Amino acid sequence: MKATFERYVLQFKRPSGTSRGVLNEKETFFIHLTDGVNKGIGECGILRTLSIDDRPDYVEKLKWTCDNIHLGLAVLYDKLREFPSIQFGLEQAFLDLKSTHHVLFPSNFTKGQEGIIINGLIWMGSIDSMKKQIDEKIEQGFSCVKMKIGAIHFEDEYQILKQLRNDYPNLELRVDANGAFHPNEALKKLEQLSKLNLHSIEQPIKPQQWEKMADLCKITPLPIALDEELIGVFDLKDKIDLLNFIKPQYIILKPSLVGGFKRSQEWINLAEEQNIGWWITSALESNVGLNAIAQWTYTLNNSMPQGLGTGGLYTNNIPSNLEIQGEKLFHK
């Protein structure tokens with residue numbers, strides 16, 4: 001068994017705004033495996049400033065992983081505990097090594113017979129640009145739209161959402177604050193947003209404020225979904241403690257950020273034990289990682305719209321069999 005890795009920089013088709021700033025490009029890494037006959041590829045989808053493994057020794061750890069590939073997936077996975085994106089890249093690569101045409105999880109999805117309902121993603125920007133994105137998603141046939149908020153003035157964002165609700169009373173609306181609200185003002189904003197009959201809000205305040213987040217989840221008029229809060233929580237006991245203490249209405253799982261399929265499934269099992277809802281989203285991976293996440297997500301039989309519509313963001317994405325038809329993601 002031999003392994004190598006390469007760095008790849010994805011270029012956004014248009015600047016994409018979040019509460020942390022505007023993205024023009026996105027760095028990622030690919031692990032390549034070969035046993036002399038078969039080949040496998042996996043994506044280590046790191047998000048700079050957000051991933052817990054955004055560390056100075058990241059590339060060094062990738063090299064170490066490739067040098068020690070003979071140890072096998074199980075041993076390497078355990079040793080890479082603090083590098084969830086590399087864990088996920090390895091899971092993909094080992095599955096792909098045994099696959100045909102990059103089909104990691106054979107199903108009616110990979111046969112092209114069924115699709116996955118996804119939400120349309122609206123990036124932060126000027127009011128005009130956000131309205132344009134929304135119109136495009138509605139025209140494409142999306143029944144669920146997720147809008148990132150927290151970058152422009154809250155009242156402006158509220159007015160956009162209010163107009164959207166007036167124009168499309170049956171549209172499922174999700175918002176993602178990426179921790180943009182100050183704890184002292186969060187409840188007031190949640191109360192205002194709740195008047196618009198939104199589905200949920202992701203991460204209203206910054207993570208690692210368990211008491212404040214727990215207080216919000218207890219009295220919120222709008223369901224709260226934890227996202228960044230799950231990053232860096234490695235131990236099963238810590239996961240149990242987090243969910244028991246905060247008691248969120250939902251959790252959102254990005255395999256690249258929490259340790260791939262194995263650790264995501266751990267979160268899902270714990271959430272279901274406590275009747276906490278969940279869904280899966282991608283984390284700006286290329287089509288390599290998105291393909292793996294989509295195939296796995298289909299096997300989970302979650303009927304909620306998933307956050308997997310990021311494949312068309314880049315000018316230099318890796319060719320793939322994924323395509324969006326209406327509000328569904330299909331594998332051709």
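I'm working from a predicted model, where local features need pLDDT of at least 70, side-chain atom pairs count only at pLDDT 80 or more, and totals for chains, interfaces and linings use all residues. Residues are numbered from 1 along each chain as its sequence is written, and side-chain values use heavy atoms, leaving out hydrogens and water.

**Ring pairs.** I searched the whole structure and got 14 aromatic pairs (Phe, Tyr or Trp rings, the six-membered one for Trp, with centres within 6.5 Å; planes under 30 degrees apart are stacked, over 60 edge-to-face, the rest tilted).

I looked at Tyr250 and Trp279: they pair edge-to-face, 5.3 Å centre to centre, with 65 degrees between the planes. Tyr250 is in strand S10 (residues 250–253) and Trp279 in strand S11 (residues 277–280), so this pair ties together parts 29 residues apart in sequence. Strands here are DSSP E runs of at least two residues, helices H or I runs of at least four, both numbered from the N terminus.

I checked burial too (buried is under 20% relative accessible area, exposed over 50%, partly exposed in between; 1.4 Å probe, protein chains only). Tyr250 is buried at 17%, and Trp279 is buried at 0%.

Next I took Phe261 and Trp296: centres 5.1 Å apart and planes at 45 degrees, so I logged the pair as tilted. Phe261 sits in helix H10 (residues 260–273) and Trp296 in helix H11 (residues 287–299), so parts 35 residues apart in sequence are tied together.

**Cluster.** I found Phe5, Phe29, Tyr58 and Phe83 in one aromatic cluster.

**Charges over rings.** I used Lys NZ or Arg CZ within 6 Å of the ring centre and within 35 degrees of the ring normal. Arg174 lies over the face of Trp279, 4.1 Å from the ring centre.
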